[in-house]
Amino acid sequence: MTTNVLTPPSRPAPARAKPRRLGKGARKAWLIVHIVAAGAWIGMDLVLGVLVFTAMWTSDPATAAVAYQALELFAVWPLIITGVVCLISGVVLGLFSKYGLVKYWWVFVKLIMNVVLVLLVIFSLRTGVQEAAEFGRGLAAAPPDSMAFPPIVSTSAVLFATVISVIKPWGRLRKDKS
């Protein structure tokens, strides 16, 4: 007498879903947006630095007043917009490319730097620029503190992000389980 044991049919291993990728044209378009936004960001940081250091080092009060007041015209909202465009385009490129958002260290570092810099513009630079513009309008006895730091920190950070985008250091953030 043979015993017939019913065994459930074997299931094939679940197929790994193929990651969604941008088409060639879409990827290039997003990459162009990302590069242009980062370039604009660096350019605005450099102009910010020129205005701040001109105001700090000039002996002419009228030149200092104009430089400090010019900060208010372009420093905050254009930097926020450029930073957010850079962030959005970077997230799109990360999500729909082989690099991912948290797959490689250099992508993860850039993501964190971008978020931190945009938050610094919103919560720190905005206040400093308003104080500098007020100082420029009134040319009080003492210039505003710490305006030298934003152009130095932001320019250095965005240039660093650009360099790591090209050289892609450190490898993967974590090993694939496959």
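V153 lies in helix α5, residues 149–167, where helices (H or I, at least four residues) and strands (E, at least two) are DSSP runs numbered from the N terminus. This is a predicted model, so to speak of local features a pLDDT of at least 70 is needed, side-chain atom pairs count only at pLDDT 80 or more, and totals for chains, interfaces and linings use all residues. Residues are numbered from 1 along each chain as its sequence is written, and side-chain values use heavy atoms, with hydrogens and water left out.

- V153 is partly exposed, with a relative accessible area of 42%; buried means under 20%, exposed over 50%, and partly exposed in between (1.4 Å probe, protein chains only).
- Between the C-alpha atoms of V153 and D45 there are 9.1 Å, although 108 residues separate the two along the chain.

**Overall fold**
- The protein chain has five helices and zero strands, and its elements run α-α-α-α-α from the N terminus on.
- Of the 178 residues in the protein chain, 34% are buried.

**Nonpolar core**
- The largest nonpolar core has 34 residues; such a core is a set of buried Ala, Val, Leu, Ile, Met, Phe, Trp, Tyr and Cys residues joined through side-chain atoms within 4.5 Å.
- W41, L48, Y68, L71, L125, V129 and M147 have the most contacts inside this core.
- Two or more residues each come from α1 (24–57), α2 (61–74), α3, α4 and α5, and α1 provides the largest share with ten residues.

**Nonpolar surface patch**
- V33, W77, I81 and V85 form a nonpolar patch on the surface, and together they have about 390 Å² of accessible area (Shrake-Rupley method, 1.4 Å probe; for residues, only the protein chains shown count as cover).
- Patches are made of residues with over 30% relative accessible area and no salt bridge, joining like charges within 9 Å and nonpolar side chains (Val, Leu, Ile, Met, Phe, Trp, Tyr) within 5 Å; a salt bridge puts a side-chain nitrogen of Lys or Arg within 4 Å of a carboxyl oxygen of Asp or Glu.
- Helix α3 gives the most to this patch, with three residues.
- I81 is found in helix α3 and counts as exposed because its relative accessibility is 51%.

**Positive surface patch**
- K18, R21, K24, R27, K28, K98 and K168 gather in a patch of positive charge on the surface; Lys and Arg count as positive and Asp and Glu as negative, while His and the chain ends are not counted.
- Each charge is placed at NZ of Lys, CZ of Arg, CG of Asp or CD of Glu.
- K98 sits in the loop between α3 (76–95) and α4 (105–138), and K98 is partly exposed at 48% relative accessible area.
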